[in-house]
Amino acid sequence: MSKNILIVDDSIYMRSLIRSAMEEAGYNVVGEAKDGETAIDLALETKPDLITLDNILPDMMGFEILKVLRDQGLESKIVMISAVGQQTVVNKGKELGASDYIVKPFTSEALVEVVNRVLS
Amino acid sequence: MLDKLNENELEVASKLVFDGLSMAKRSMEQILQSPISMEKVDYSDTAQAALPRYQDSDDQSVHVIKTQLVGELKGISHLIFSEDEVRKIYKACLPASIIDSNSPESKMMKIGFLTEVDNMMAAAVITEFSNFLGLEMYGHVPSLHVMKASEVNTFLEKESGEFDSFIHFKANFQGVELDIAPDFVWVFQEEFVNKIKNLV
């Protein structure tokens, strides 16, 4: 059975790009969220195997979402996605329980490789 | 404000700006999949830091994508494309089904692509500054402002007005293959100068 993915990104362009990459790699996209509130609701409702989580959203930081989800006991793997590649930011994401951190711009192949590795 | 920096500090600041913009250039090349060169970098700390390209412009539409910095250093970045450049970028980077469609979703995809270009370029500069200065800072969600070319400089002046004291960095990028030459304009609050002074 294919694994379930939730995509969180404020940009419809990025959501579309990530969805295509995930579906082509055989994953099932269970939902898309463009803000933090929707992301938390959808994540708790669908309990996906993995969430691709943009770090800068209009209403919340990805870190905040990650913390809320972990506090709620959600065990989904989380791959943080951000254009910002500061080492402190990458470390913070990992400290909060993200499995990996990918910096934009990235290729579909690179994203799939990270997701495959995290889910393996 | 720049005169507050001694020669050594100014050299450090210039290198930092150059390195940040170089990273932005690299991001732009990766996103657009086309070679880009950085033609010119200007520094200024006056409100009269107008872009000559838009001083006597016609009424062609211009797309200004703005990213506000949040965190320990305040500032704003602006990536500026002419209408013609936007069309060329769409043609090079988006599928025809989106370019030719006027559906709300296609329009959002086009805007989303432009804001992502800015997001990645701004983030490249932010990452360089953050790592070098040891500051926590992020770019907020970018916003697109479409205006007449003749309105661009007034818009930028107004943006600088948000700060009591500020410094401008302006770069022009050239993409020969795509035939584009967007401007990338940064406005930082005076704190930037103090951070450099503390560092050197």
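The following paragraphs describe a predicted model of two chains in contact, A and B. The model scores ipTM 0.76 and pTM 0.86. For chain B, the mean pLDDT is 87, and 95% of the residues reach 70 or more.

Five strands form an open sheet in chain A, with parallel pairing and the order S2-S1-S3-S4-S5. Strand S2 (28-33) and strand S5 (100-103) of chain A are the edge strands, each of which pairs on one side only. On average, and with direction ignored, neighbouring strands of this sheet are turned by 20° against each other.

At one end of the strand order, S5(A) runs parallel to strand S4 (residues 77-82) of chain A, and four bridges join the two. Within this pairing, Val79(A) has Asp100(A), a residue of S5(A), as its bridge partner.

The contact between the chains comes next. Chain A contributes 16 residues to it, and chain B contributes 21 residues. On the side of chain B that touches chain A, the elements giving two or more residues are helix H1 (7-32), helix H4 (104-133) and strand S4 (137-139) of chain B. Of these, H4(B) supplies the largest share, 13 residues. By class, this side of chain B comprises nine nonpolar, 10 polar and two charged residues.

H4(B) is mostly covered, with 21 of its 30 residues buried. After the helix comes Gly134(B), whose phi is positive, near 70°.

Lys91(B) lies in helix H2 (residues 83-93) of chain B. Is Lys91(B) buried or exposed? Lys91(B) counts as exposed because it has 11 C-beta neighbours inside 10 Å, and a residue is classed as exposed when that number is 12 or fewer. Along the chain, Lys91(B) and Leu178(B) are 87 residues apart, and their C-alpha atoms are separated by 9.5 Å.

How values were computed
Residues numbered from 1 in each chain as written. Chains lettered and ligands numbered in written order. Predicted model: local features only at pLDDT ≥ 70, side-chain atom pairs only at ≥ 80, totals over all residues. Pairing = 2+ DSSP bridges. Axes fitted to C-alpha atoms, helices over the stretch in contact; angles between N-to-C directions. Contact = placed C-beta atoms within 7 Å. Nonpolar A, V, L, I, M, F, W, Y, C, P; charged D, E, K, R; others polar. pLDDT = per-residue confidence, 0-100. Buried ≥ 20, exposed ≤ 12 C-beta atoms within 10 Å, placed from the backbone.
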